[in-house]
Amino acid sequence: MKLSAYRELFRTRVRDNDPALADREPADRTVHWWRRAYPGHTRAGYPPVALVVTDAGPVALANRQQAVADLSADCWRGRWCREVRDYNDDGWREYDDAVPIVATTLERDRRYEGTAS
């Protein structure tokens, strides 16, 4: 599935040529490649991926949604963490390596096409 390929691409790190970092060690001068392409992006984590579904009735849409969710869960679900001292399932999810997915239908997207200011 392409979502796992996006995550691998988002993980890719490249050398940052910012002169302000010139005195740092080479390992400290790397950044995610997409941050160089979108330098004003300040949100933590990866950029969202848009998933647009076309030509689907309500049943087909629900089936596609479930199939995509099942096939790509490792990309968006996050990583379960808990303290070693805990003997129960209390914990939290870390989303630092998760790909945010924004899903819509083509019909819905077209409705809002002319409303952006």
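**Exercise 1. Is Phe10 buried or exposed, and which rings does Phe10 pair with?**

Step 1. Start with the accessible area. Phe10 has a relative accessible area of 7%, so Phe10 is buried. The cut-offs: buried means under 20% relative accessible area, exposed over 50%, and partly exposed in between, with a 1.4 Å probe and protein chains only.

Step 2. A word on what you're looking at. This is a predicted model, in which local features need pLDDT of at least 70 and side-chain atom pairs count only at pLDDT 80 or more, while totals for chains, interfaces and linings use all residues. Residues are numbered from 1 along each chain as its sequence is written, and side-chain values use heavy atoms, with hydrogens and water left out.

Step 3. Now the ring pairs. The structure holds three aromatic pairs. In one of them, the ring centres of Tyr6 and Phe10 are 6.1 Å apart and the planes sit at 35 degrees, so this pair is tilted. The rule behind that: rings of Phe, Tyr and Trp (its six-membered ring) pair if their centres lie within 6.5 Å; planes under 30 degrees apart count as stacked, over 60 as edge-to-face and the rest as tilted.

Step 4. Tyr6 and Phe10 both belong to helix 1 and are four residues apart, about one turn of the helix. Helices here are DSSP runs (H or I, at least four residues), strands are runs of E (at least two), and both are numbered from the N terminus. Tyr6 counts as partly exposed, at 35% relative accessibility.

Step 5. Phe10 is in helix 1 and Tyr46 is in the loop between helix 2 and strand 3, so the pair ties together parts 36 residues apart in sequence. Tyr46 is buried, as is Phe10.

**Exercise 2. Which residues of helix 1 are buried, and what covers them?**

Step 1. Helix 1 covers residues 2–11, and its buried residues are Leu3, Arg7 and Phe10.

Step 2. Look down the helix axis. The buried residues fall within an arc of 65 degrees, so they line one face of helix 1. That arc is taken from the directions from the helix axis to the C-beta atoms.

Step 3. Find the cover. It includes strand 2 (30–32), helix 2 (33–37), strand 3 (49–53), helix 3 (58–76) and strand 6 (101–105).

**Exercise 3. Which side chain meets Arg7 in a salt bridge, and where do the other salt bridges sit?**

Step 1. Get the idea first. Side chains of opposite charge can pair when their charged atoms come close. The rule used is a side-chain nitrogen of Lys or Arg within 4 Å of a carboxyl oxygen of Asp or Glu, and the count comes to four salt bridges.

Step 2. Take Arg7. Its side chain meets that of Asp74 at 3.3 Å, N to O. This one links distant parts of the chain, with Arg7 in helix 1 and Asp74 in helix 3, 67 residues apart. Arg7 counts as buried at 11% relative accessibility, whereas Asp74 is exposed at 51%.

Step 3. Stay in helix 1. Glu8 and Arg11 form a salt bridge at 2.5 Å, N to O. They are three residues apart in helix 1, so about one helical turn separates them. Glu8 is partly exposed at 44%, and Arg11 is partly exposed at 31%.

Step 4. Move along the chain. Arg79 and Asp96 meet at 3.7 Å, N to O. Arg79 is in strand 4 (residues 79–81) and Asp96 is in the loop between strand 5 (92–94) and strand 6, 17 residues apart. Arg79 is partly exposed, at 47%.

**Exercise 4. How many helices and strands does the protein have, and in what pattern?**

Step 1. Count the elements: four helices and six strands.

Step 2. Read along the sequence, and the pattern is α-β-β-α-β-α-β-β-β-α.

Step 3. Finish with burial: buried residues make up 17% of the 117 residues in the protein.

Note on methods:
Contact means heavy atoms within 4.5 Å.
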